[in-house]
Amino acid sequence: MAISVKNVTKRFGDFVALDDVSIDVPDGGLTALLGPSGSGKSTLLRVIAGLEQPDEGQVLISGEDNTETRVQDRNVGFVFQHYAAFKHMTVYDNIAFGLKIKGEGSGTIRERVKQLIELVHLKGYEKRFPNQLSGGQRQRMALARALAVEPRVLLLDEPFGALDAKVREELRTWLRRLHDDVHVTTIFVTHDQEEAMDVAEQIIVMNDGKVEQSGGPRDLYEDPASEFVMSFVGPAHRLGDAWVRPHDVDIRHEPNGQTIEAMIQRIVHLGFEVRVELTLTDGEQFSVQLTRDEVDQLELTEGQIVFVRPRSTRVFAPDGRGSSVTNQPEVAS
Amino acid sequence: MPVGLIFYRTFEHGLSAPIEAITSSDGLHAFWLTIVCVGIAVPLNTIFGVITALVLVRQDFRGKSLVNAVIDVPFAISPVIIGLALFLVYAPRNSWFGGWLMDQGVQVIFSVPGMVLATIFVSLPFVVREVMPVLQEIGTDQEEAAETLGATPWQTFWRVTLPAIRWGVSYGVVLATARALGEFGAVSVVAGNISGQTQTLPLFVRSQFDNLNLAGAYAAGIVLAILAISVLFSMNLLQRRSARNAGGGDEDHELPGPGVFVPQPIEKEA
C-alpha cells in the first residue's frame, strides 16, 4: 500500500474531526476522498501530508511510519483549493521552488521545469505572474510545482473547487490523463460525487469523521453500505422505509395494486434525460428520471395525476447499515 | 501652505543666518543624533514588529488579546507620559534600576540610550499594526505549500512570508520612521535637552525658537521636513519599481485598508 492510515483520531477542541479512521490507498492509484463539508476529508488529507498532527493513530507512506515525520521530510505533493501560488514569483520560479530548496543544480532545474511546463500546457507563460493567469492555469501551475520534487504521493485538496463548471470538467479529464502519464499515487478530496466517480478508481466516502465505505464507483452506487452512501453517492429518494433510485421507477397512467399515486409538479428537460418531479398524496416529494422518448410516449404534462411503481428498492437495517434489495417484477395487467 | 511659509521665513533675510544655524556644531550634532535614534529605533521596531505580528496572527496562546491591546499603548498614552514613565524607571536616583545601571556605568536618562528607548517606544506599534492585517489576508496556504515542498520554517519565512508581507512592512517602516524623526514629547522629557549632547532635531528647533533665533528654528524645521518627505518619497519610488517587477499585476498591492492611523501620502502606483 502506498498510503495506510491506521486508527487516526483528530480533535479540534471538542470537535472530533476524525474518529478512528483507517484507510488504505493502493500504489499508483487515483483515489477520491468524498464527503460533505465537515466530514473530515480535508483533515484526513492534511494529516497524511503532515500539515496536521493526529491525536492518535498512525500514517504510513510507502510502508514507513511517517506519523512523526515533519511535513518537509515527507516528500508529498500538495495542491490547495485556492492554488496557494507564490504571488511574488513567476510561473517558472513557482515551479522551480521545490527544486531550489532541494539544492538542485541550475541546469537540472531548467530542464525539469521545462518538462513540467510542457506537461501542464503552460508553455509561453513562464515569465507570467500568478495574477496574470486564469484559475485553471494557476491550478495547473500548482500541480506542476507539486510534481517538480517527484513526490511519493500527490494530495489534492478540492483542487477544482474554486473553478467554474466548464473549466472544472476540462481539468478533470486532464488530471485523469496526467495520472495515466505520471502514475504517482494520488488522493484528491472532493464533495462532488460526480467528480469522484468520473476521476477516481477508488472512492472513500466519509461522513461525520468516519469512513462510511470505500470501493470502486460502481460498487458504491450499486451496493451502498449505508443509508448515507445511498443518499450521497448518486441521487436517491426515500419511499417509506425503502430507498429507490430515480431511474428505477416506472410511471403509468393506471393503478395496478403495486403503484403509488402522485401528481407531476414539474418536468425538467436536461437534454437526453428528463427529470419528472412528483408530489405524493402525503405531500412527500421525489423525482423520477426518464428519457426524452419515454416522456413523449407517456404524454406526461405538469399537473397530471400518475401512478408510480419502483422497480427496485433497497431497505437498510435499522442501524442504517446492511441492506436488502427487492426487485419487483412487473405484474401483467 | 504652512510648510511653504516656513520656507519663505527661513530665507527671508538671506541664506547666511539659516545656514549658519544648521551648520553650527549644535545643529549638526542634533542632526546626527536624530539619525542615530531613528537608525536604531526603526530597525529594532521592524524586527520586533514582524515577529510580534507573526506570533499574534499565527499562534494561539493565553493572554493573546492582552498582548494585542498592550501593543497600542504608545498610541493611547501621551508621549510626555511615556517620557515620564521612562524617567521613573531609569532615572539615576529614586528609580527602579536607573541607579543600578548607573553603577554599571550606563546612564540612560539625560543621555542617548534613554532617547533611543523613548523613540523605540513611541514608534513601536506601526510595523505590527501594518503587518498583522496583511498576514491575515494572505493566510497560511502559501507557507504550507512551501513546507510541503521541503522548505524549513526559516526558508519559508525569507522566501515566501516576507515577500508576501513586504508592502505592509514597508508602510510600517515609513510610518515608524516619520514618527521617530519628529518625536518631541517623550524624547524631550528623558533627554534633558543639553545642546550639543542630548538634542535631536525637534529639540533643536524648539531651543532655537526659545532663543528667538527664528531663522535657525525654521532652517532646522526644513531639514526635518525634507528628511520626512524624502523617506516617503523613496518609499514611493521603491513601490513603483516593485510594481513594475511584479509585471504590472496589482493583486499584491491590496494593502490593508487604511487603519485609523494611516495617512495617505503614498499613492498606489500601478
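**Helix packing and chain contact**

Guide: This is a predicted model. In chain B, helix H3 (residues 25–58) packs with helix H11 (residues 153–182) at an angle of about 145°, their axes being 9 Å apart.

Visitor: What is the handedness of the crossing of H3(B) and H11(B)?

Guide: The crossing of H3(B) and H11(B) is right-handed.

Visitor: Which residues make the contact?

Guide: H3(B) contributes B:Thr34, B:Cys37, B:Val38, B:Ala41, B:Val42, B:Asn45, B:Thr46, B:Gly49 and B:Val50. From H11(B) come B:Val169, B:Gly172, B:Val173, B:Ala176, B:Thr177, B:Ala180 and B:Leu181. They count as in contact because C-beta atoms of paired residues, placed from the backbone, lie within 7 Å.

Visitor: How do the residues of this contact divide by class?

Guide: The contact of H3(B) with H11(B) has 10 nonpolar, six polar and no charged residues.

Visitor: What makes B:Phe204 of helix H13 (residues 201–210) buried or exposed?

Guide: B:Phe204 is buried, which means that 20 or more other C-beta atoms lie within 10 Å of its own. B:Leu201, B:Pro202, B:Leu203, B:Val205 and B:Gln208 of H13(B) are also buried. After H13(B) comes B:Leu212, with a positive phi near 60°.

Visitor: How many residues of chain B are in contact with chain A?

Guide: 19 residues of chain B are in contact with 22 residues of chain A. On the side of chain B that touches chain A, the largest share, six residues, comes from H10(B). By class, that side has seven nonpolar, seven polar and five charged residues.

Technical notes
Residues are numbered from 1 along each chain as its sequence is written. Chains are lettered from A and ligands numbered from 1 in the order in which they are written. This is a predicted model: local features need pLDDT of at least 70, side-chain atom pairs count only at pLDDT 80 or more; totals for chains, interfaces and linings use all residues. Axes are lines fitted to C-alpha atoms, for helices over the stretch in contact, and angles run from 0 to 180 degrees between N-to-C directions. Helices (H or I, at least four residues) and strands (E, at least two) are DSSP runs, numbered from the N terminus. A crossing is left-handed if the near helix is turned anticlockwise from the far one by less than a right angle, and right-handed if clockwise. Two residues are in contact if their C-beta atoms, placed from the backbone, lie within 7 Å. Ala, Val, Leu, Ile, Met, Phe, Trp, Tyr, Cys and Pro count as nonpolar, Asp, Glu, Lys and Arg as charged, and the others, Gly among them, as polar. A residue is buried if 20 or more other C-beta atoms lie within 10 Å of its own, exposed if 12 or fewer, and partly exposed in between; C-beta atoms are placed from the backbone.
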